[in-house]
Every structure is written in C-alpha cells, then in structure tokens.
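Thanks for coming. I will go through one model today, starting with a single residue and then moving to the contacts between chains.

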Amino acid sequence: MPAVQETVARVKEIDVDKYKYGFFTDIESVKAPKGLSEDVVRFISAKKGEPAWLLDWRLEAYRRWLTMHEPTWANVHYPKIDFQELYYYSAPKSTEGPKSLADVDPELLEYYRKLGIPLVEQKLLAGVKESRVAVDAVFDSVSVVTTFKEELAKAGVIFCSVSEAVKTHPDLVRKYLGSVVPITDNYYATLNSAVFSDGSFVYVPPGVRCPMELSTYFRINAEQTGQFERTLIIADKGAYVSYLEGCTAPMRDENQLHAAVVELVALDDAEIKYSTVQNWYPGDKSGKGGIYNFVTKRGDCRGARSKISWTQVETGSAITWKYPSCILRGEGSRGEFYSIAISNGYQQIDSGTKMIHLGKDTSSRIVSKGIAAGHSNNTYRGLVSAHRRASNARNFTVCDSLLIGDKCGAHTVPYIEAKNASATFEHEATTSKISDDQLFYCLQRGLSEEEAVALIVNGFVRDVLQQLPMEFMAETQKLIGISLEGSVG
Amino acid sequence: MLEIKNLHVNVDGREILKGLDLTLPAGEVHAIMGPNGSGKSTLAYVLAGKDDYEVTAGSITWKGEDLLAMNPSERAAAGVFLAFQYPLEIPGVATMTFLRTAVNAVRKARGEAELSTPDFLRFVREKAKLLKIDPDMLKRPLNVGFSGGEKKRNEILQMTLLDPSLCVLDETDSGLDIDAIRIVADGVNALRSPDRASLVITHYQRLLDYIVPDRVHVLSDGRVARSGGPELALELEETGYAEFGGKAA
Amino acid sequence: MDLPVQTFRTKAEQAYLDLFEGARNALPGAGDPFVATLRAKAIEAYGRLGLPHRRIEAWKYTDLRARLDEVNPLLKADGVAVDDAELARALGGEIAALPAYRLVVVEGDLRADLSDIAGLKAKGVEVLSLGQALEKPPSWLRSALAQVTPREDDAVLALNTALMTGGAALRIGADVTLDKPIHLIQLDGTGEPASIVTRNVVVAESGSAATLIESFGSLGLRGLQRNTVTELKVGHKAALKHFKLQRDGDDALHLSTWLVELGSDARYDAFQFSTGAALARNQIYARFAGQGSAADMSGAFLLRGQQHCDTTLLVEHSVPRCTSRELFKGVIDGEARGVFQGKIVVSPGAQKTDGKQMSGALLLSESAEFDSKPELEIFADDVVCGHGSTSGQIDRDLLFYLEARGIPEEQARALLIQAFVGDAIERVEDEALRDALARASAGWLGVDYH
C-alpha cells in the first residue's frame, strides 16, 4: 500500500501516539488463512478493492500455476517448499518486534554500525517498535517523500504503489502489467501474478527526464515490502528514469520465500536504469534460515533506440535465483547487465541475465563479477541470443569469478546462440583466486588480511561499482568488505 | 594522372568531403595536410574504395579510367596503393603467404606471369633488407605482434613489391620515431619515378623534411582550402591550422 | 535430480530396443558372461534414458530424438573389396596418403587383409579385432572396456555398449615409441541404409609415445547411422596424439564418443576435423586421474547445406596440477548449424588446475547458426580457468585490407576463412598432418592450397 499521498494524509489525521496502532491496525486485522487456493486469491483481490479484470488476471495465473512445476535446472538446492504452509496475505509484523535497541541482536547492530547507518535508521531497520523514535523517523522520511512527490508531480512522473496505480491509472496498469513477464512465464512469476502483494509503479511521460533517482529506500521506511512484490516501470518515448531498489542494510523478514516480479518497458528513445542492492538475511553461520529470493526481472526495449540497464549487487539471501533480462525488440536498442554477486557461508547464488536480440542493430553488454567464499556456491547463468532478423546484433560479455577458500564453488554457464550471420558475439570468462602477490603486497603495506581482501575484491568489481548511482557506491564498497568477513584466515 | 573533381563523400550519413578538387600529375609527389577531421583519411579510403564511404557526387579518374567504377582489388591491380594509417592484423595468415598471394594476384590481373617461389623469395628478401626488415618477421602472422614501426615498414615493403603507380600514404609517420621515419621515407623516395605519382597525407610537416613534395594542399572542411609549394608546409608549421578551422597545435 | 522414467517411446527409440532383442544372441561375446552383462546393463540404461532430446541439458541444441525417424539394421560385414583409389576417394587424397601403420575397418570389421597388424606387433603394439576379442576378451581388454571414464547418463554410449559389433583394440606396450602414426581408417560399406556400431579400445601403457589417427569416410553406403566409441587409457608418462578426420557421407548420422583417462604426468593431444555427415555429434569425456598431466583438445568443423555438427566436451580435473587447453573453430555456411559445448569441471582439492577453452565460429551466410555453451564448474580456489567464445562474420576491414592489396574478394574471403580455421590447425605439431588438414580445408573451400 502506500504510498505517499495516502500516508501523508493519514499521518496528518492521526495523533502521533496513536500512529503505530492506527496506521497498521486496519491491515493487521485481516489475515488470509494459511495456504493457497482460489479463495485466497479472491480474498487478496477483494481486500485491495481491485477491479474485476485484475481478479480474473490473478485467477488465470493461479490456475496456470497449479499445472506448473518448480524449476530444477538452477544450481541451487533446498528442501521442498510447502506452498500450503505459507501465508499469502498478512500484515507486517508490528507487535512482535523488539521493544528497544537493547532487545536487538547485537551482531545486527554491529553490522549497522560498520555500514555507518545512523541510529535512527538502525532502529527502523531492526524493526524496533518503541514508538516515538520510529514515528519521528517516519515523519522524517515522510517529509522527504513529500518534497519528492511535489517535484515529481511537476515533471508529470507517476510514482506510487501498484495498488494505488490500479485505482488512479487503471489504463496504464492494464496495458502494461504482464506485458513483459506474462502470467505464464515461469513457476515463481506465475505464483507472483496470482498473489502479488504490492510494489512500485512508475510512469515517465514522453520526453521527460525524471528529475531524481527514484528509490524504494523511502518506501521501505514507510511500509514493509511484501513477500510477492510486483514492480512496473514504464518510460514513454524519449523519457529517462533511474530506479534504485533495496538498501545495503541487512533486511530481516519473517517470510522465507520472496518471489518478486519486475517489469520494465522502454519505448522509443527511452532509457531505464535499474539498480538493486540486495542484502536479505542470508541465514546463520551453519546455513539455517535465510531468504529464498526467486525473482523474475525483465525489461522490454520495445521502442527504437531504447536502452535498459540493470545493475545489481547481490550479497544477501540464502538462495538467489535471478536473471534480470532485456528483450531487445526495438531497432538499435541496447541492454546492459552489470552484476556483483557475493556468496559466503552456505549461500547459493544462481544469477545472470538474458539478452534476447530480436531487432536490427541491437547491442548488449554483460559484466558479471562473482565472488564465492566460505561453503557457498556461486553460478553465473546467462543467455545471449540473436534471432534471424537481428542483423548486426552485438554482444560483449565478461564474466569473472573469484574464489576465496577451497570449500566454495564458482560456476559459469553461458548460452550463446547466434542465428544471424551478422551478429557479433564475444564472451570471455575467467576464474581465479586472489593473487598471493597482491595480497602480500597489501599486507606488507600494513593492511590486515581482511582489509586486503576487501580492497582487492573492490578492485575486482570496480567495473560494476562504477555503474551504481554515486550515493550507493561508498556504502556498497563497505558492504562488500563486510560480506566477506570471516572468509579468510 | 589523378584527377578528382567536385568529390562529395558521406560517411554514416554525414558529409565529410564537400566538393574536393585535386589534380596530381604523373611523376609528382603531393602532400595533403590539414587539421583533424578535415577529411584527409576519408580521401585515402575513397581512393582505395572502402565500403561505407558513399560518393554522392563528383568523379575520380586515374590515367583516364573511372576509379569509382572499380572494386578495391581492381584498383590495386590498376596501380593504386594505400599505405594504411593503422595496418590490420590478420592472425593465421603468414606475412609471406599474404605477400605472395597479393603479388601474384596483382601480376595476374596485369597480365604478367606469376613469380616462381624461389624468384619471389629472392625478390622479397632483397626489398626487405632495404627496409631493414628482419626476415623472421615475414614468417609471423601478418602484422600480429608487430611494433608500430614494423607495421609501417611492412606497408612500405608491400608498396615496393606491388609496384604501384599511385601511392597514397595515410599518416604513415604517425607513431614513428625519427629513425623509423627516415627508413620509411627512404623507401618512399626510392619509388619516385616519372611514371609514378604519390599522395602523402600527414598532419605534421616533419615527414615532408624527408619526402619533399612538389605541391602541398591544405584540406579544410572537406575541400582543398589552399595549395602551394613545399614552403606552404613550413608556413603551416609556424602558424598551425587555426585559419583552417583547426585548433592551434 | 531424479530422471523421470521414460514411458512414451518414439518409433526410433523402440526400434533400438527391438534391434538389440533381435541381435542379442548373435552379437559378439554373447557367450561371454562379462560381455553379456555389459550389454544387458547398457540396454537397460538405454531403456531408462531413451534417446536424448532437447530437454536433456547436454543435448539442448541437438534433439536426436526428434531428428531420428528410423533406425537402420546393423550392417553385416561381407568383406567388400577396397583398393587405394577408393581409400583416397573416401578420405581425401591428402589424408589417405599419410605415411602410417594402417588399420582398416570396413563395415565395422577390422580387416586383416588391409591392415598392418604385423608391422605394429613388431614395434610392440598389440592389435585385436574387437569383434573377435569380445568372444573371449583378454584381461587387459576386460580391465578397460566400458571402464574408461564411464558414464551412466549417456544413452548414445549405452547403445554403443549394447550393440557394438567391431572395431579395434590396441595395446601400446610400455615405453614403446612409434616411428609413424597408427592410421585407423573406418569406412562404411556399400548399398542399403544400415547402422554401424563400433568400439575402439586403446591402452597406451606407461612411457609409451604414439599417434593415432582415426579417419572416417564413405564407400557410398546410403543412410549410414554410425555410432562409434573410442576408449583411451593414457598411462603414466605416456604421450598420445589422437586425431579424428570425419568425412562420412552427406546423409550420414555420425555419433562419436571419446572416453579418455589420463594417468600421472601423461600428455594427450587431440584434434578433431569434421566436414562430413548430415548430423554429427562429437563427444569427448576426458578425466585427469593422475597429477601433473596435460591435455589439449582442439578441432575445426566446416559445415554447409543443412549439416548439423555438435561438439560436446567435458574435461574433469579430478586431481591437482593438471593443465587442459581447448580450441575449436567452426566455419558455417548455408543453413548449417554448429554447436559447441565445453565444460571444465574442477573437483574439490584439484588445486593448481590450469584450464582454458576457446571456441569461435565464422558465419558465412544469413541462415547459418552457431550455438555455444562454454561452462566452468569450479570447486577449488587455487586455479586459473577461463573460456571464451566468439561468433561473427568475416571482418570487413580485414577483407578491405586484402582487397586493397589486389587480392580479389573471393580469394580474400577464402584466405581469411583459412586463416580462421588455421588458428586451430596450427595446434597440430605433426607437419605432414597439419599440412593435410590445411589442404583439406582449402579443398572444402574449393581453392588452391599454397
């Protein structure tokens, strides 16, 4: 839900002390029964007050899902998920959180401290329910969001939750929802289509350059992201938007399964830049718990000369299954994928991209940096294909893996399919360990081994780091160091 | 004699040459100078017949023949030689194989007999020696791993072997030290003859100390902006290209 | 992952089972319990797996089940006469003329009359006709047959084990160094559509050094379905060079599997050159079983028309300190399709592994297709591994450079294609063979070779 206009209005209505109850009660009182059925889908849709077409859409997805099987091709292993043991619609936990910072896991706080997160935000992130601070913080961010909103409105940019957009801009939602990731797409995307909770909706009108980076960061403070997030971003002709998702702080969540769907549509001459920093709970030291992050992200370069660029920093989750892709349909369109995937402990990452060249003169670039440490497994899986009509398609792929320790695995599985003679594809991949010479050089200059590793790894991922929005770079560099703690020595 | 009349050339839809006129009589060496982007290299490529260089108007005749009607290898057979600014590397093709293939293709097109292998080897070794080219270099794949100087000397060797009547040197001096320039210039000067014409494209006057031109033409914005004797090059050395739309050096 | 049990069978799938049932008691070694058990297990595995299809990851780009409509009967050897002229026609003159110890397999049968078995024996190489040896395999053959880098999941290999009728078994004695290559020539026969299922077993004992050339050619049999497997054990400090020159008939199905196991400090250099067959699948499974060894597996394929050629490699670094190199180059014209899949696996503990792989394709026509899947699966950290893959058409700048030197376009293209393939052929150390391969590629292009 959300968003901001609504939130601002409601926050203004209520007394600060009543806020924590008032704001959440309405959701908390309604919780769908455990398990998934047609009734649950209807329940979700009804609770959100959705129009009939959307309910039908969800039901179609649900029926389809019943006939599908969980994919087994990825290099990830986990106990079978019992989909009837999950809740598909539930309120954010507002009563079970720690009462003050003293109740919060000290390890988590130490983590925040290292990231340099302000105390106020630490409380928020840890889900501390001691009201005053949280509310102040919410007020803080709400006010930021408000200014934000005004400026966006001036530019004509629509930025709200999908639920809100269904009500306020039904034509846009109906036109584009599922047009990139159809409800039949894959097991998790189909499940998402049936039960999606909420997510962001962005529409940038023709010729508009979105005046600021859009970020879920603000939204996370105001509300909990759902288990089945759904994001839809449309850049109309000649528009530009940069969208930032996630944050460097580790996010605790009771929901183990996350199956989000992100759809991007770029029309003629439009550009979308989508950046993700994912640091969900990876599980404990022995590999217990942790989020299953099964995400479908896809961009459709529908218009001529359009461009979609994905940048991701994946350090969290027990299992990551994620392939942000580009369909290069428009003539002269371009797709990019920049990825840093770090796995430590018992994490499993199977991530990469698909660059589907359909139109003439399309180009794509893939830079993937995988770092495996501890007992983790880290797989790059990618597809580059040029179809018959994609004359002069170009792809350049670099895919490097770094291994730290001898208990982990790094794997590279690219699929390269050229069905057009004028397509030029170049792919190269390397796997190596941190050079002893580099390490020694750093140690000799007085760095600790962990500092040295962090430094070298940051150098290894530099090409991708540079793609991140400025304000995220420094945080991400720190995050990389922290993610690799305990991986050496 | 080379005659270029009102030559207009587009590259990627942009007009680079905008009505260029030039006459180069047999036996003469002309220098083409000009600021970056004035169309010097475009002229070189158009003379050699590269794709992507679209002639929209004008004509080029060489010894009375329409050069534009010929494909690149026909032009080479007709005597046009372009020394590339950036000679290409071809892994897997030994330099010697390449030279023999080219020489025999050109001889065949000119109605001359192919050279026997021993004759050819003798011929190449003799010419290579003059250019201080190590015979081992000829066994290596074409230009692969060659230094900048080696590549340029290899271009001049090819020029010598193919016996062209129109030599076009595209910034052959770029990236060379003075010793290398001298070797290259000696090679070019050795080819001077009454029935051979040369076009020396260069940004700097330096090369013209060693290859003294009969005429100097300054290109600016796709046309010949000024022509003169060798003293024009010296003058440009003093004043730079500012008056021709280039930045002061 | 559990493989689902195959319930529905295509006509061809069932036909193989029927073929086996019909031939069971007549297959060589039917009376030998060791051989009979091998065959029984293999047909059972095939029955479970069925023919490979595109949903099987390793066969993603070569859907054998969909492409195979009919299974041809096993060819009965009837001692067809073969003279030198026919050999030259079948293999190409330059290949047939290679100086070597010849072993000639026709219609699946190792022909003593055409082979230099005595010459090899004098040098310390034991040669057996596999068909005969299966009746009562000697102990060295028992310890190798179906035991070199065995695989449970390969239906084509299983079919070979179940149906193998001939081929050659070679034992290169310890410390034997051969002065000439062994040329194992494998021809089809003449007449009606048929299947040939052959198996070669090569044991290169410690310290031996030899070159084995396997060449395949056609005497004119229509609709050949070939399934050939070569198992190689390369012993401690042994060095084996292994070539494959495939020129089966235009309408042939060519299924080939090499199973290679390398002992310690061994050296294995392989090269595969393919121009023949309508549908070819070249599999190499190589495993390092001893430390300090090195392998180079390279090749080239030249395709046109509607040919489909799939090269699938798996290199397993099971032990530390081994080096592997692969370089495959393909030229694809017409509506042909080239596939390259190469996987390097580094097992836990296989430190100091050095593995590199390159594949590249040159597409000559709009309808040509190249699919490539290079894979790394790495479980040890002190390694240097990498792969690269490229595909594209002839570089126009290079073409212009050659044309500007007076070389006509057609000739310039041929030169660049030869150079592209030559990059891989350069790996071949033996000069006569390298020259023969360069000539064969020039021949394929229809140009003179200098």
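Start with Gly37(B), which sits in a loop of chain B, between strand 3 (29-33) and helix 1 (40-48). Keep in mind that this is a predicted model. Is Gly37(B) buried, exposed or partly exposed? It is partly exposed, because 15 other C-beta atoms lie within 10 Å, and a buried residue would need 20 or more, an exposed one 12 or fewer. As for distance, Gly37(B) and Leu161(B) are separated by 124 residues in sequence and by 32 Å in space, taken from C-alpha to C-alpha.

Now the contact between chains C and B. Chain C puts in 19 residues and chain B puts in 24 residues. On the chain C side, helix 10 (396-404) and helix 11 (409-425) each give at least two residues. By class, that side of chain C has nine nonpolar, four polar and six charged residues.

Next, chains A and C. Here 29 residues come from chain A and 32 residues from chain C. Which strands of chain A each supply at least two residues of its side? They are strand 17 (394-404), strand 18 (409-418) and strand 19 (424-433). The chain A side divides into twelve nonpolar, eleven polar and six charged residues.

For one position to look up on the screen, take Ile416(A), which stands opposite Ser372(C) in strand 18 of chain C.

Notes
Residues numbered from 1 in each chain as written. Chains lettered and ligands numbered in written order. Predicted model: local features only at pLDDT ≥ 70, side-chain atom pairs only at ≥ 80, totals over all residues. Contact = placed C-beta atoms within 7 Å. Helix = DSSP H or I, 4+ residues; strand = E, 2+ residues; numbered from the N terminus. Nonpolar A, V, L, I, M, F, W, Y, C, P; charged D, E, K, R; others polar. Pairing = 2+ DSSP bridges.
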